[in-house]
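Dear colleague,

Please find the structure below. My notes on what was found in it follow.

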Amino acid sequence: MSAHTDSLLARLKPLLGPWAARFDADLLETCASTNSELLTRAAAGAASGTVLWTLEQTAGRGRRGRGWVSNGLMFSLLWRFESPTALSGLSLAAGLAVARALDKLGVPNAELKWPNDIWLEGRKLSGCLVEMSQSGARTSAVIGIGLNLATPASDKVHDQAATGLDTALPNPPEMTFVLAELLKQLGEVLSEFALRGFAPFQADWNARNALRGAAVRVIDGASETQGVCLGVDVQGALLLENERRVLSIVGGDVSLRSLRA
């Protein structure tokens, strides 16, 4: 570690308050992928609550094999679940934790796009990537989060309009303050999720649904389905009204797009 990373970690711990004992954070100057590195550490026995934070990510990964580009805060969190926790909806719960943290930071009207994006004024501000591994009855989830502190120079990433925290807050808080709030909200949400699954979060997620009532298309490989986005069910599946039927669409390599886009 450098003096700079030591200083950032030292500032993080007191900001976590009562949650400081629950998280064990490591900060790297540069890393290929925080998710990949933390998955390796998880397999070697890293504790639940391990956080891997990096100042530069050279080979970040997103859903559907895309590269992951973030202009600001990049970290992954390891959380272990004991059987018989139902993990459907975990990526939605993680996204909701990010939105709740943004509330606490004073960012108004953060919205959620199924299954794992956080939007602000119709532009992508943050994204989550959840990867899981199984060992006996225990499931290890590595939750990777990238949040733009500043708006990317291109203003568009992977054909999605992008934005940064600086558009909502003229004087964005320091990075460690943002990370501390994200970790506190993730701790709250994941602790409840471990006990009760996605059900307690369904109403809040639907209230923040960026595409609520919108005509959308769902792309899964070579197939495409169109309909009206109704929200998500108690397990986090997308509910799509199509030709007087309501379809339930689960996760996987599925992409959701507004027909207005």
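In these notes, buried means under 20% relative accessible area, exposed means over 50%, and partly exposed is in between (1.4 Å probe, protein chains only). The model is predicted: local features need pLDDT of at least 70 and side-chain atom pairs count only at pLDDT 80 or more, while totals for chains, interfaces and linings use all residues. Residues are numbered from 1 along each chain as its sequence is written, and side-chain values use heavy atoms, with hydrogens and water left out.

Overall

The chain has 5 helices and 14 strands; these are DSSP runs numbered from the N terminus, helices being H or I of at least four residues and strands E of at least two. Of the 261 residues in the chain, 49% are buried. Counting contacts (heavy atoms within 4.5 Å) between residues at least 6 apart in sequence, 65% join residues at least 24 apart.

Helix α2

In α2, Thr34, Asn35, Leu38 and Ala42 are buried. These buried residues fall within an arc of 90° seen down the axis of α2, so they line one face of the helix; the arc is that of the directions from the helix axis to the C-beta atoms. Thr40 and Ala43, on the other side of α2, are exposed. The cover over the buried residues of α2 includes β2 (50-54), β3 (72-82), β6 (123-135) and β7 (138-148). After α2 comes glycine 45, with a positive phi near 105°.

Salt bridges

There are 11 salt bridges in the structure, each a side-chain nitrogen of Lys or Arg within 4 Å of a carboxyl oxygen of Asp or Glu. One of them joins glutamate 37 to arginine 41, with the closest N and O atoms 2.9 Å apart. Both residues lie in helix α2 (residues 34-43), 4 residues apart, or about one turn of the helix. An α-helix has 3.6 residues a turn, so residues three or four places apart point the same way. Glutamate 37 is partly exposed at 28% relative accessibility, and arginine 41 is partly exposed at 24%.

Glutamate 181 and lysine 184 form another salt bridge, at 3.6 Å from N to O. They are 3 residues apart in helix α4 (residues 175-196), about one helical turn. Glutamate 181 is buried, with a relative accessible area of 10%, whereas lysine 184 is partly exposed at 23%. Elsewhere, salt bridges that share partners join Arg100, Asp103, Asp204 and Arg208 into one network.

Arginine 208 lies in the loop between α5 (202-207) and β10 (215-220) and aspartate 103 in helix α3 (residues 90-104), so the pair ties together parts 105 residues apart in sequence. Arginine 208 is buried at 14% relative accessibility, while aspartate 103 is partly exposed at 36%.

Nonpolar cores

A nonpolar core is a set of buried Ala, Val, Leu, Ile, Met, Phe, Trp, Tyr and Cys residues joined through side-chain atoms within 4.5 Å. The largest has 67 residues, of which Trp53, Phe75, Leu102 and Leu165 touch the most other members. To this core α3 gives the most, with 10 residues. A second, separate core of 6 residues includes Ala42, Ala46, Leu52 and Leu78.

Regards
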